[in-house]
Amino acid sequence: MKEAFRRIYGGHPEGVWAAPGRVNLIGEHTDYNDGFALPIAIPQHTLVAARRRRDGRLRLHSAQGGGPVIDLHVAQLTPGAVTTWAAYPAGVVWALREAGHRLGGADLHIDSTVPAGAGLSSSAALECAVAFAYNDLYELNLSAPALALICQRAENGFAGVPCGAMDQLASACCTAGAALHLDLRAGAHEQVPFAPEAQGMSLLVVDTRVKHDLGDGAYAALRTGCERVARLLGLEALRDLAPEDLSRAGKALPAHLLPLVRHVVRENARVTDAVSQLRAGRPAALGPILTDGHASLRDDFRISCAESDLVVDTALAHGALGARMTGGGFGGSVIVLAEEGRAEGISAAVTTAFRAAGYQVPHVFPITPAAGARRIA
Ligand code: GLA
């Protein structure tokens, strides 16, 4: 990173920061409903080599973005003005300034191993790496959760994606060997030990290669739908409904809205259940919880796709403990939990099934719960 920085900008960076992508074990589309989620950070991460500038310019270069250095000015950052990948780093600087922090410019060189469009939160990794770099360079002394919320503000207010806070909190606050139990209403999080490989299990990611895009309107429609139903039920958020209240809620709602509510309410309960199982030392018990979560996203929330369903069905048919699509939906990645000895067979079977169906060959790789954002040099 230092060598690339020198080639692009001349001179040396003041430091290098890293922030990971994430997969969510369970708790999907619950974050913007004030609910619970249980993500882990993945080993794939985004790196930022950075150096302050005194003239207020913000220069951005990305190994993945190709193209020339993008030259902006921190005082002129306004939502909508930047529309490429650069909206994420520029948005972080904008959001920090909006929050009242006095900042100057910087030269940033960015490189990443988080695949883009795979539902693994490459944008949150990019935002968090930049936020952590700025936090150190300009001595802002913000906590990891506070930086995560700045990143969410960047994504909502600058990049125009109405996401919740799960991805940014995962990238900022996860620790190696643990899942992050998030309570989005309380703004609280706790680390729950989870080391599948130490217990004879593998956690696989299957990138279906179906590109998902949160900016295309479907995600926003789901979020608005959930918020509207909460209002119809007289609730602050769908978090306020318990599973045993569902049948009463069903009577108060038009029939087509009940599945939406059912997913969110039961999904919150699945997070609580998953955390109890992990705390009790029963990680294999996550399997059926993951699979139930997938069925709920497929049948009630209706955001799966044929490719993700094929991964789940094939993995289960070849002995997986559980499997589900992860992230926002409409493609992206599936996670599979399996006994270690079965992982290879599952991976081969999924690839064969994709070939037979005429789909693009999926990208299958094992992951372990990794560390959150930090300075590495
Ligand atoms: C995307 C969003 C998150 C969350 C998930 C669904 O990843 O960025 O805020 O809503 O979808 O759980």
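Helices (H or I, at least four residues) and strands (E, at least two) are taken as DSSP runs and numbered from the N terminus. The structure is a predicted model, in which local features need pLDDT of at least 70 and side-chain atom pairs count only at pLDDT 80 or more, while totals for chains, interfaces and linings use all residues. Residues are numbered from 1 along each chain as its sequence is written, and side-chain values use heavy atoms, with hydrogens and water left out.

The domain assignment of the protein gives domain 1 (2-193) and domain 2 (196-367), the bounds coming from an automatic or database domain assignment. The centres of the two domains, taken over C-alpha atoms, are separated by 25 Å. Domain 1 brings 37 residues to the contact and domain 2 brings 46 residues, where contact means heavy atoms within 4.5 Å.

Pockets were located on a 1 Å grid over the protein atoms alone. A cavity is a set of points where a 1.4 Å probe fits but cannot get out, whereas a pocket is an open set with protein on both sides within 12 Å along at least five of seven lines; lining residues have an atom within 4 Å of a point. Grid points are joined across faces, edges and corners, and a volume is the space filled by probe spheres set on the points. The largest pocket holds about 740 Å³ of space. Because domain 1 and domain 2 both give residues to the lining of the largest pocket, this pocket lies between them. Its lining comprises 40 residues, with Tyr88, Ala116, Gly117, Ser122 and Ser123 lying nearest the centre. At least two lining residues come from each of strand 6 (105-112), helix 3 (122-137) and helix 5 (166-173). Helix 3 gives the most to this lining, with four residues. By class, the lining of the largest pocket divides into 17 nonpolar, 17 polar and six charged residues. In this classification Ala, Val, Leu, Ile, Met, Phe, Trp, Tyr, Cys and Pro count as nonpolar, Asp, Glu, Lys and Arg as charged, and the others, Gly among them, as polar.

For the second largest pocket, the volume is about 210 Å³. Its lining consists of 16 residues, of which Leu149, Ala165, Leu169, Leu184 and Gly187 lie nearest the centre. Helix 4 (144-158), strand 7 (178-183) and strand 8 (188-193) each supply at least two residues of this lining, and helix 4 gives the most, with three residues. The lining of the second largest pocket has eight nonpolar, four polar and four charged residues.

Individual residues were then examined. Ser121 occupies the loop between strand 6 and helix 3. With a relative accessible area of 8%, Ser121 is buried; buried means under 20% relative accessible area, exposed over 50%, and partly exposed in between (1.4 Å probe, protein chains only). Not counting residues up to four places away in sequence, Ser121 touches Gly21, Arg22, Val114 and Asp167. The side chains of Ser121 and Arg22 make a polar contact (3.3 Å). A polar contact is a pair of N or O atoms within 3.5 Å; within protein, one must be able to donate a hydrogen and the other to accept it, and residues adjacent in sequence count only if both atoms are side-chain atoms.

Tyr9 is placed in helix 1 (residues 2-9) and is buried, at a relative accessible area of 12%. Leaving aside neighbours within four places in sequence, Tyr9 is in contact with Arg51, Arg59, Leu60, His61, Val69, Asp107, Leu108 and His109. The side chain of Tyr9 reaches the backbone oxygen of Arg59 at 3.3 Å, and a polar atom of that side chain lies 2.7 Å from the backbone oxygen of Leu108. Although Tyr9 and Val69 are 60 residues apart along the chain, 9.1 Å separates their C-alpha atoms. Tyr219, in helix 6 (residues 218-232), also counts as buried, at 6% relative accessibility.

Backbone geometry was considered next. Most residues other than glycine have a negative phi. His29, which is not a glycine, has a positive phi of about 60°. His29 is found in the loop between strand 1 (15-24) and strand 2 (36-37) and is buried, with a relative accessible area of 4%. Asn141 likewise has a positive phi, of about 55°, although it is not a glycine. Asn141 belongs to the loop between helix 3 and helix 4 and is exposed, with a relative accessible area of 72%.
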